[in-house]
Structures are given as structure tokens and as C-alpha cells.
Protein chains: 2
Amino acid sequence: MRDFSASGEWLSLNTATVREQWTLPEIIEACARHGIRAICPWRDQVANCGLPIAARLVREHALMLSGYCRGGLFTAHGSKGLKSALDDNYRAVDEACELGSPCLVLVVGGLPGALEGKLEHQDISAARTQVIEGIARLLEYSSACRMPLAIEPLHPMYAADRACINTLEQALDVCDQLNPDGADLGVAVDVYHLWWDPKLKSQIERAGRRRLLAFHICDWLAPTHDLLLDRGMMGDGVIEIRKIRGWMEEAGFSGFCEVEIFSSRNWWRRPGDEVLATCVERLRTSA
Amino acid sequence: MRDFSASGEWLSLNTATVREQWTLPEIIEACARHGIRAICPWRDQVANCGLPIAARLVREHALMLSGYCRGGLFTAHGSKGLKSALDDNYRAVDEACELGSPCLVLVVGGLPGALEGKLEHQDISAARTQVIEGIARLLEYSSACRMPLAIEPLHPMYAADRACINTLEQALDVCDQLNPDGADLGVAVDVYHLWWDPKLKSQIERAGRRRLLAFHICDWLAPTHDLLLDRGMMGDGVIEIRKIRGWMEEAGFSGFCEVEIFSSRNWWRRPGDEVLATCVERLRTSA
């Protein structure tokens, strides 16, 4: 297992972590100041500064990417909207290629209309079928572009409105179904979503190096005051991050630890430089 | 599958649903007014009126019980506190017997100290081992009393502070480990905790009649504003309650549908009679 105690070199910053403080160009400058070598940008931040500028800044700073957030939402437009969702996902693949990302992260979508408060139906099994169809269709395009897709299983508390793939086992079942022998489809393991799962260790082993495309870290606060925006900094919660990282590395993962913290109550209110310094420190002490 | 459209006869009221409005004697009177034939009382409510009075009122109104809430919390007092937790659980078994409950519901506990804000350690695997030890010890006593124990897997969002048994599969694994051939240990299936699980149908089938000791219903609201106290009335959320009830009945379950709603924002603020009337109506239309 890699020793992180002396350096934050394996830190990647998911740019949502400081999205309230800075634009993407500002975030990239800040990463350079803090010695952060990798980022995972969000599409809206890239769109705000323009893809060419984002790609140029990444190159100029010799930044690596740990992923690109995000594709998916295959159910967001309802059963008739799969084509529209796919068109948007094709663009996300193109952007990921342009930015040099190792994968496109997929948040697959929940019950159609739930996120917009206009629930179309309650059939989660049908939503899952629709998601698998969407991933299958996207995979034809992304494989041709040589851009791996990383299914991110989200915590079960997001099953209704954000993602109906909710365990690593379920995500790997989809990988095995759609891409049995390939390396075009894998998973993003986020400790926030998966730490509670009694099968997490065995499913990380099952996934193996080929399927483990990304590793996201933050912490689960006890108590948690908001279902979406109350994530904790590593070390402030209950997750055994280092133990899970050990399982990842035993299975062959050797990439970045991507810090992704949505925190409207705390970290989004602090100066961005304080947040980044804390991420670097906590990677060394608590991950 | 039973037809509930004409009658609320298979409704049981978990008494926490109106705990802010009424005492247990008042709740029992109200159930008589609304034709509700069964309840699942909470220990604190029983203690408040006294066990002999609670038992007498249950008998006088010919009420049935669908369960008794609750035992468990085997990790609440830390590793040294298992004896204290067990003593309290033995009393819960005695009370369940006195009240004529068909089972004692177990909320098994999370990481030691997490609920009290004094986390002792983060090792959820160790907490799970401690829980299994606790259930094994309690089972010796409860079996002798002929009081079945119903493990209630809680939603993964409660893994830190309330229960580290979080899927039906995990609960059934514990049943098979501790009570392979017996009927002294089973599960309480609560749709709120389990609706998202892609393996729910297959695990209900696996459980079968012998293990299915209780069935709890309410609804998952989208959005949900509080992790603990924002449960919805059946029909107001996204859960396919009737479909899940169908799976339960196919597997042999023929007991009460117990309504358990914690709702500080809505139902706890309404008149108790309105809540009970709504429960009866929604059992017919939405369960």
C-alpha cells in the first residue's frame, strides 16, 4: 500500500469541492499553488470558461485528470428522452477526450422526473432497465473514442432522484453484462456512497484493476444534516478511508485519490486556499 | 394477494406515528374509534403508562400486536457495555411476552458512540461482529421465552449511528448463521429502508414465511429534507408498496401492514384522528 504520509502527490481535486469559491481557471491556478497534480472537472465549470480554454489551461499546467464529471442521467428526460440524453452524453465523451480524461464518470439517473419534482412513474426496475439500455448505447460511441465509462454507484438515499445503481455489486453486474471482456466500462468507487456496504471488500476484489477506474474520497459526518450537501472532510467522519484504499490497491488500483466534498454548511463557506491546504494535509493523515 | 381496497383490517399502527399527539392509552382508544385492530407499541410509551396498564388496555380492546419496538442497540454502550445492553434486551423480551407480541423488533446499533456524538471507533466490521454476538446471546434467552427476534435492516444512511445491518441479504445471513433451522430469528421488512435494493425481491423469496416476521410501510419522499424525521404517508412518495407487499405475500407473509411514520414536518403536526383516518384510507388505496 502506498505511503501518503509524506506527500499529497496522489491527491486529485474534484472541482466541485471549491465550486462556490472559484471558477475553473481560478481552481487550476490554485492547484498549481498547492502542488496538486490532478483534477476532475465538472462539465458546467468547463462550459463556463469554454472547453478550449479549459483544455489549454490543463495542458499549460501539466495537470492530469482523474476523471470527468459527468455523463449519465439516462432517465432524466423520461422514456422518450433517451435520444436527447444520449446526444448530451456523446458531447460529454468528446469533452472528456479533449481534456485528456482517463474516464467519463456516469451518474446514471433515478426515477424519471423525480429530480425535477415531476415523477413519471415509480417503477425502479424499469428505470434500471432504461439505464442499462442507455449505457449500452453510449458504450458503442465511447468505445470507438477509446474513452472508458465509469459507473458511479450512488448511496441508496439517492436512488429516487439521482441514480438507481446503488451498490458496487449492481454496478459490476452491469459491467459484466455489457462489457464482459473489455476495459471500456468500469466503476468509480466513492467511499461516501459505498462505505456502509458489508460486501464492499469482496466487490472491490471482484472488480479488479481493469474495472477500478476512479476512487473518490470524503467523509460521512455523524450526524449528517443534509442528504446532498453535508459531506465531510477526510478525518472528520466515520469512514475508514485508509482501509478502503488498501482494498483498492490490493485489487490493483494505483491512481489518484479524488477529493469530492459538497458542503454548503462548511467547506464551501471557507477560503478556497484553506480548503485545498486542508485536503492536502488530510490526504496525508486521514486517507 | 390480499385485496385491501375495501377494508383497513390488515392495518397495524406503529405507535410512533402519533407519538407527538397522544399517550399510549390515548392511542389505544383512538385505534378502537378507527377500527384499527393491531398496534406496535414503543417501549418508552409503554414505560410512560406502565406495563400492567398497557397490557390491560391491549387485552380490553382485543388489540393484536404486530411487533414490539424495540430491542437491539448492542453497540450503544461500547465493547464493555454488552452486558448492560443485554440486560435491557432481556427486559424488552419480557415486556414483549407480557404484551402478547409476535416478535421483538431489533434495531441493532451502529458504530459505538456515534449516536451520542462520542465515536469510540470507526471499525464497522467490528461493530457487526459485536452485533452478531449480541443477537446470539439474546437468542438464548428469547428462544427460551418463545419470543421470536426480528432483525430490522435499516437504510444505509443509518449505518453510522443506528444500525450496521443494512440490507435484507445481510440480515438473512445473520439469521442463517445463528438460527439455521429455527424460527426464533427472522426479519422485519420495512419498505422505507429496503425499497431501493435491487436484490429485495430475491431476498424476500429467500427469507420465506418462517423468517418474515413483520412488514412496515410508509413512503420515501422526493425530495427528503431530513434523514430521520421526514418519512411520507403511503402514496405520497416513490415506493412501490403494493408490489413489495405482493412479494411478501408470495413468500408466505400474511400478517399486518404496520404503518410507521416519523414526520416532524407534517404528520406529527396534524390531529391524531386525521393521521389515523389517512392511514386507513391509504392502506386501501396505496398499499
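Author: The questions below concern a predicted model.

Reader: Which helix gives the largest share of the lining of the largest pocket?
Author: Helices from both chains take part: H5 (124-144) and H6 (168-178) of chain A, with H8 (200-211) and H9 (241-250) of chain B, each supply at least two lining residues. The largest share amounts to 6 residues, and its source is H5(A).

Reader: How many residues line the largest pocket, and how many of the lining are charged?
Author: The pocket has a volume of about 470 Å³. Its lining consists of 26 residues, with Ser125(A), Arg128(A), Asp197(B), Pro198(B) and Lys199(B) nearest the centre. By class, 12 are nonpolar and 6 polar, while the charged residues number 8.

Reader: Which strands stand at the edges of the open sheet in chain B?
Author: The sheet has 9 strands with parallel pairing, in the order E3-E2-E1-E9-E8-E7-E6-E5-E4. Each edge strand has a single partner, so one side of each is left without a neighbour in the sheet; these strands are E3 (64-65) and E4 (68-72) of chain B.

Reader: In E7(B), which residue is the bridge partner of Leu149(B)?
Author: Strands E6 (149-151) and E7 (185-190) of chain B run parallel and are joined by 3 bridges. In E7(B), the partner of Leu149(B) is Leu185(B).

Reader: At what angle does helix H10 of chain B run to E1(B)?
Author: Another helix of chain B, H5 (124-144), lies across E5 (104-107), E6 and E7, at about 155° to E6(B). Helix H10 (272-286) of chain B lies across E1 (11-14), E8 (212-217) and E9 (257-259) of chain B. The angle of H10 to E1(B) is about 140°.

Notes. Residues are numbered from 1 along each chain as its sequence is written. Chains are lettered from A and ligands numbered from 1 in the order in which they are written. This is a predicted model: local features need pLDDT of at least 70, side-chain atom pairs count only at pLDDT 80 or more; totals for chains, interfaces and linings use all residues. Side-chain values use heavy atoms; hydrogens and water are left out. On a 1 Å grid over the protein atoms alone, a cavity is a set of points where a 1.4 Å probe fits but cannot get out, and a pocket is an open set with protein on both sides within 12 Å along at least five of seven lines; lining residues have an atom within 4 Å of a point. Grid points are joined across faces, edges and corners, and a volume is the space filled by probe spheres set on the points. Helices (H or I, at least four residues) and strands (E, at least two) are DSSP runs, numbered from the N terminus. Ala, Val, Leu, Ile, Met, Phe, Trp, Tyr, Cys and Pro count as nonpolar, Asp, Glu, Lys and Arg as charged, and the others, Gly among them, as polar. Two strands pair if DSSP finds at least two bridges between them. Contact means heavy atoms within 4.5 Å. Axes are lines fitted to C-alpha atoms, for helices over the stretch in contact, and angles run from 0 to 180 degrees between N-to-C directions.
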